[in-house]
Amino acid sequence: MRQSDFSGKAYHETTKHSYLSVQLDPNYVDASTQPSPYKVYPKFYRRVKLNLNNPIHSFIWLTSAVTFEKVYNSISYKLRVNPSAGALYPTEIYVQIRGMSEIVDGIYHLEIENNCLTLIYELIDDGLESYIIPGKSINGVIFLVSSVYYRSSWKYKHRSLRYCLLDSGHHLGAVAASAYLHKRNIQLIFDFDKLSLNTDLGFENKEFITGCAISGEAQEKQVRKLRLKLPFVCGTDYFEANQLIEDSYQATAVQPSRQQRLKQPNFNFEQDKFYQTIWNRRSIRRFRKEFILQEHYLYVLQLLQQPIPTENGEEIELYSVIHRVEGMKSGLYKGLNLIKAGSFSEKTGYLCVNQALARDCAVIFFFVSEYTSYQTAMQIAGFLAQRIYLGSNYAGIQCSGIGAFYDDETQQFLGTTKDVLYATAIGI
């Protein structure tokens with residue numbers, strides 16, 4: 001198949017799981033070969049240590065902060081505000097700052113492990129706006145999310161483009177959560193010149209831009225593209241190319257999203273409690289098969305109905321399979337409508353590649369879409385899943401994202417011909 005023909009649907013079809021495919025390729029990896037999860041620019045680059053008493057610094061820091069460290073099989077894992085498939089963290093954050101008196105106008109790399117901003121490009125009359133929102137200049141902050149895809153493909157192979165895009169959506173959700181705490185609006189942008197940006201930021205074929213969020217004041221002003229291309233810096237300690245992922249990314253990067261009117265969500269979280277929720281968010285590894293309150297389930301559902309702050313949208317349909325919610329019948333729902341009554345915990349456990357999480361949870365959500373832009377749809381699914389994480393944890397229940405499922409059989413169970421993008425389980 002030619003790259004130009006490789007639509008999101010073709011990629012999704014190519015990377016489907018089935019019972020047979022999982023049995024034939026159980027995908028074991030040697031943990032000692034895991035590539036580095038941190039990108040670090042050379043030591044001679046100028047760095048700004050993040051001062052958490054500075055509101056702008058705090059806003060940027062909380063989009064990506066390391067919140068917990070655990071040791072598993074003698075390997076240390078630093079967990080962040082955003083979940084990641086396999087805790088592999090392929091995403092990186094780049095921040096353009098303009099018009100802030102306390103920091104030089106420039107493009108910075110957020111060095112997560114060391115809580116600092118690395119200045120990789122100083123602005124004059126140029127900037128990221130010309131690639132993202134031509135004809136405008138942003139006094140404030142522009143976030144770019146990228147994926148160093150080999151961190152994920154090392155384990156998940158061809159399917160990892162899915163995980164990179166979902167992780168990007170989660171990361172944008174973390175940006176939105178930090179913006180809420182710092183009383184800032186954001187706008188997500190998915191339709192922009194990603195391919196030129198990849199070239200000018202010096203990514204070669206080893207890293208690619210996925211999404212963007214802006215927070216600041218826009219003014220009518222022509223901004224030039226970057227005067228110079230940035231030098232290449234690898235985001236891993238070694239790299240193995242995957243042509244399917246690279247071709248699929250290139251093809252889907254230019255697919256236009258559905259356009260919609262920009263609307264800001266309206267949340268009412270208590271600030272200190274929400275901050276603690278962000279800080280303590282974890283992916284649960286085991287549910288106890290206990291019931292949750294109906295009000296908690298409906299609370300999470302209501303959060304998902306809030307608008308996503310973007311003009312580049314994709315319609316995501318939400319199915320939920322209720323196993324254990326007090327006062328509600330077990331069964332398959334679309335929204336609040338019961339489609340099929342019954343106890344399906346064993347079925348969802350099987351569909352999600354025999355994972356106990358999908359069997360023992362109280363509710364499992366499935367995100368489904370008939371998209372025009374594959375990259376946008378997958379990122380919005382991740383963004384919504386981040387809302388589920390934060391909303392459920394805020395309500396005192398637990399959550400886990402599930403990216404592995406038998407695609408065709410899950411479609412058949414849900415009764416849809418649309419692509420299943422993601423699953424997210426909540427419970428106790």
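Modeller: Start with strand S8 and strand S9 (residues 208-220), which run antiparallel and are joined by three bridges. Within this pairing, glutamine 187 has isoleucine 214 of S9 as its bridge partner. The model is predicted, so local features need pLDDT of at least 70 and side-chain atom pairs count only at pLDDT 80 or more, while totals for chains, interfaces and linings use all residues. Residues are numbered from 1 along each chain as its sequence is written, and side-chain values use heavy atoms, with hydrogens and water left out.

Two terms come first. Strands (E, at least two residues) and helices (H or I, at least four) are DSSP runs, numbered from the N terminus. Two strands pair if DSSP finds at least two bridges between them.

Now the whole sheet. It is open and has seven strands, in the order S1-S6-S5-S4-S7-S9-S8, with antiparallel pairing. Strand S1 (47-49) and strand S8 (187-189) are the edges, and each of them pairs on one side only. From one strand to the next, the twist averages 25°. For such angles, axes are lines fitted to C-alpha atoms (for helices over the stretch in contact), and the range is 0 to 180 degrees between N-to-C directions.

A cavity is a set of points on a 1 Å grid over the protein atoms alone where a 1.4 Å probe fits but cannot get out; a pocket is an open set with protein on both sides within 12 Å along at least five of seven lines; lining residues have an atom within 4 Å of a point. Grid points are joined across faces, edges and corners, and a volume is the space filled by probe spheres set on the points. Two cavities of 30 Å³ or more are found. The largest cavity holds about 60 Å³. Its lining has 13 residues, and Tyr38, Lys39, Glu92, Ile112 and Glu113 are the closest to its centre. Strand S4 (91-98) and strand S5 (106-111) are the elements that give two or more residues to this lining. S5 gives the most, with three residues.

What kinds of residue line the largest cavity? Five are nonpolar, three polar and five charged. Here Ala, Val, Leu, Ile, Met, Phe, Trp, Tyr, Cys and Pro count as nonpolar, Asp, Glu, Lys and Arg as charged, and the others, Gly among them, as polar.

The second largest cavity holds about 40 Å³. Leu50, Trp61 and Leu110 are among the residues that line it. By class, that lining divides into five nonpolar, two polar and one charged.

Next, move to strand S15. All seven of its residues (363-369) are buried, so S15 is largely enclosed by the rest of the structure. Buried means under 20% relative accessible area, exposed over 50%, and partly exposed in between (1.4 Å probe, protein chains only). Val363, Phe365, Phe367 and Ser369 point one way, while Ile364, Phe366 and Val368 point the other way. In a regular strand the side chains alternate between the two faces of the sheet.

S15 has antiparallel partners too. Six bridges pair S15 with strand S12 (residues 317-322), where tyrosine 319 has phenylalanine 366 of S15 as its bridge partner. Seven bridges pair S15 with strand S17 (residues 419-427), and isoleucine 364 stands opposite alanine 425 in S17.

Last come the aromatic rings. Rings of Phe, Tyr and Trp (its six-membered ring) pair if their centres lie within 6.5 Å; planes under 30 degrees apart count as stacked, over 60 as edge-to-face and the rest as tilted. The structure holds 28 such pairs. One of them joins tyrosine 180 and phenylalanine 269 edge-to-face, 5.5 Å centre to centre, with 85° between the planes. Tyrosine 180 lies in helix H6 (residues 160-181) and phenylalanine 269 in the loop between strand S10 (258-259) and helix H9 (271-280), so this pair ties together parts 89 residues apart in sequence. Tyrosine 180 is partly exposed at 22% relative accessible area, whereas phenylalanine 269 is buried at 10%.

Phenylalanine 269 also pairs edge-to-face with tyrosine 394, at 5.0 Å centre to centre and 70° between the planes. Tyrosine 394 lies in helix H13 (residues 374-394), so this pair ties together parts that are 125 residues apart in sequence. Tyrosine 394 counts as buried, at 12% relative accessibility.
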